[in-house]
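Subject: Structure for your review

Dear colleague,

Please find the structure below, followed by an account of what was found in it. I would be grateful if you could read the two side by side.

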Amino acid sequence: MKSVLSDCLYHHCLDIVVKPLKIAAQIGIMLSDPLGNSWYCYTSLASCIAITLSCIESIDINPNNLLTYFEACGEHQLNGVALPFWRDWPLSNPTYFLTPKVLHTFFWFSYNHNVTWCIHAIGPTEIDFHFSILQPITNHWHFATGITKLKQVTGRTQHDLQHYMISVITGAAPAALVQAVCSLVDFRYLTQSPVINSEQCCKISAALKEFHVHKQCIINAGAHCGEKGQVLEHWETPKLELMQSIAPSIPLISPPIQWTADTTERAHIDVVKNPSTATNNVNFES
């Protein structure tokens, strides 16, 4: 319940903060460009990482009954927020502004799913051995003790894992599983390009389509498992579903790499976390 109430409070506060933008999206506002020219603008919602309104409307339960409503939201992979801040934002369409976050949509998905599939497919001992005998490469992490016991994995480590994974599992895992994992790697790298034209959009869609062609092999190999180790017979994964809208959204919102939070998260470490370690964590306003 704490997480539900926290999410509801976040959307309520953000609803108050962005109210002027909603008004400007409805009646317009005069804004100046870098050259000093004034333009009459409408502030539409360009990007947001959130849940979809269509799923919220499909839940026919009183949101004030938190326990029952939260259980119903769990079936749709929602966080229990009944009134998202963008619900009454003019000119906003969830199909357009729900943009992927590179770190979580790509790298964390790769680590939580692709890597897990490979571990279950060829076994933890075997995959650790394959990684341990790889030749060390400058500027790349060398997994001398394997990958199954990694802790506090960063985005950089996940990035290096993607470099090695296909070569490590080739010959040890079923060919169709290798093709499925390889197609997702291609999808992630193509999507992170700073400039994407119509031809590249077709390649992105083709890479994702190839994964769906071979994904059944992952289940057949017993590699698609849940948190308790049981083999899953479905693909009800929100991040995988979000990937379906990436290629169609690129002509509307430009390449997803511009929505990465790496810059601000890095700044949070340099500007907030590191200076905080030099203080006594008291007398913050002095």
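Predicted model: local features only at pLDDT ≥ 70, side-chain atom pairs only at ≥ 80, totals over all residues.

Overall features

The protein contains 14 helices and 2 strands. Its C-alpha trace spans about 60 × 50 × 45 Å along the principal axes. Of its 286 residues, 35% count as buried. Among contacts with a separation of 6 or more, 63% are made by residues 24 or more positions apart. The accessible surface is about 17100 Å², and carbon and sulfur atoms account for 58% of that surface.

The salt bridges

The structure holds 3 salt bridges, and a network of such bridges links Asp 15, Lys 22, Arg 87 and Asp 88.

Asp 15 pairs with Lys 22, with 2.3 Å between the closest N and O atoms. Both Asp 15 and Lys 22 are buried. Asp 15 has a relative accessible area of 16%, and the value for Lys 22 is 7%; the cut-off for buried is under 20%.

Asp 15 also forms a salt bridge with Arg 87, where the closest N and O atoms are 3.4 Å apart. Because Asp 15 belongs to helix α1 (residues 2–17) and Arg 87 to the loop between α4 (66–75) and α5 (94–97), this pair ties together parts that are 72 residues apart in sequence. Arg 87 counts as partly exposed, at 35% relative accessibility.

Lys 22 in turn meets Asp 88 in a salt bridge, at 2.7 Å from N to O. Lys 22 lies in helix α2 (residues 19–27) and Asp 88 in the loop between α4 and α5, so this pair joins parts that are 66 residues apart in sequence. Asp 88 is partly exposed, with a relative accessibility of 45%.

The nonpolar cores

The largest nonpolar core has 46 residues, of which Trp 117, Ile 127, Phe 131, Ile 147 and Ile 169 touch the most other members. Two or more residues of this core come from each of α6 (102–122), α7 (124–132), α8 (155–169), α9 (175–191), α10 (198–214), α11 (216–220) and α13 (246–253). Helix α6 provides the largest share, 11 residues.

Which residues does Ile 169 contact, leaving aside its neighbours within four places in sequence? They are Cys 118, Ile 122, Leu 177 and Val 178. There is also a second, separate core of 9 residues, including Cys 48, Phe 85, Phe 97 and Leu 98.

Apart from neighbours within four places in sequence, Pro 63 is in contact with Tyr 69 and Ala 82. Between Pro 63 and Glu 75 there are 15 Å in space, C-alpha to C-alpha, and the two are 12 residues apart in sequence.

With kind regards

How values were computed: Residues numbered from 1 in each chain as written. Heavy atoms only, no water. Helix = DSSP H or I, 4+ residues; strand = E, 2+ residues; numbered from the N terminus. Buried < 20%, exposed > 50% of the residue type's maximum accessible area, 1.4 Å probe, protein only. Contact = heavy atoms within 4.5 Å. Areas by Shrake-Rupley, 256 points an atom, 1.4 Å probe, with all protein chains shown as cover. Salt bridge = Lys/Arg side-chain N within 4 Å of Asp/Glu carboxyl O. Core = buried A, V, L, I, M, F, W, Y, C linked by side-chain atoms within 4.5 Å.
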